[in-house]
Amino acid sequence: MTGRDEPADQPGADGRTPEAGSPKPPEATGVDLARVALRAAKEQARARGAAAQQKKQARRGGGLRSGARSDGRDPLALGSAINRLITERGWETPAAVGGVMGRWPQIVGDDLAKHCVPLRYDDDPAARVLTVSCDSTAWATQLRLLAPQLVARLNADLGQGTVRMIKVVGPGGPERRFGPLRAPGSKGPGDTYG
């Protein structure tokens, strides 16, 4: 018999005699008591540490900080941030058309790109016109003939209905200059006729 075992007919520590049919609750030993005390101390320390961390962040004016795992507060890569901004603002079509202006030689070919340059895009839903400037009337005529095929190619690249029409602008005439001698009240060389 060990020092822990008591005979059934002797009273226990509480003064009552244990009954023969009821199971005796196990007594906590020193090691078990130490584990329970350690667990309670760790929980209290964790709670104090979390409270101190929140106080420190509140003093700095920061609020909660991102931890080891990624969440919505983490910094984004530049490309991701720009794509997110374009999507949030609804700039998909203007950005795509801007990309067309940057890739113009790949879309129309090198020969045409040397002589024709896109100027602007009118993104009004009723118009959706791409204005292209050519350096000679011959290239302007060539582009006017190729316009339906070019519209189809642009819409395949950008999405259906993005470009409805291509407006071709030929070379402008020479700049009109005022001569040294003018009639009083004259508006320039354009007012001579009619």
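Start by selecting Cys-116, which is buried at a relative accessible area of 0%; buried means under 20% relative accessible area, exposed over 50%, and partly exposed in between, with a 1.4 Å probe and protein chains only. A search of the whole structure finds zero disulfides, a disulfide being a pair of cysteine sulfur atoms within 2.5 Å.

Before moving on, note that this is a predicted model, in which local features need pLDDT of at least 70 and side-chain atom pairs count only at pLDDT 80 or more, while totals for chains, interfaces and linings use all residues. Residues are numbered from 1 along each chain as its sequence is written, and side-chain values use heavy atoms, with hydrogens and water left out.

**The core**

Next, select Trp-104, Leu-143, Leu-150, Leu-154, Val-163 and Ile-166, the residues with the most contacts inside the largest nonpolar core, which has 22 residues. Such a core is a set of buried Ala, Val, Leu, Ile, Met, Phe, Trp, Tyr and Cys residues joined through side-chain atoms within 4.5 Å. The elements that give two or more residues to this core are helix 3, helix 4, helix 5 (110–115), strand 1 (116–122), strand 2 (129–134), helix 6 and strand 3 (165–169). Helices (H or I, at least four residues) and strands (E, at least two) are DSSP runs, numbered from the N terminus. Which element gives the most to this core? Helix 6 does, with seven residues.

Center on Ile-166 and show its contacts (heavy atoms within 4.5 Å). Leaving aside residues up to four places away in sequence, Ile-166 touches Leu-130, Val-132, Ala-147, Leu-150, Val-151 and Leu-154.

Go to Val-108, in helix 4 (residues 104–108). Val-108 counts as buried because its relative accessibility is 13%. With residues up to four places away in sequence not counted, Val-108 touches Ala-113, Leu-150 and Arg-153. Draw a distance between the C-alpha atoms of Val-108 and Arg-153: they are separated by 8.9 Å, although the two residues are 45 apart along the chain.

Then select Thr-162, in the loop between helix 6 and strand 3. Thr-162 counts as buried, at 6% relative accessibility. Its contacts, again not counting residues up to four places away in sequence, are Thr-93, Val-97, Tyr-121, Arg-128 and Asn-155.

**Salt bridges**

How many salt bridges are there? The count comes to two, where a salt bridge is a side-chain nitrogen of Lys or Arg within 4 Å of a carboxyl oxygen of Asp or Glu.

Select Arg-103 and Asp-157, whose closest N and O atoms are 2.8 Å apart. This pair links distant parts of the chain, 54 residues apart: Arg-103 is in the loop between helix 3 (92–102) and helix 4, and Asp-157 is in helix 6 (residues 137–158). Arg-103 is partly exposed at 35% relative accessibility, and Asp-157 is partly exposed at 39%.

For the other bridge, select Glu-88 and Arg-84, with 3.7 Å from N to O. Both lie in helix 2 (residues 78–89), four residues apart, about one turn of the helix. Glu-88 counts as exposed at 58% relative accessibility, whereas Arg-84 is partly exposed at 45%.

**Helix 2**

Stay on helix 2 and check its span. Finish at Gly-90, which follows helix 2 and has a positive phi, near 75°.
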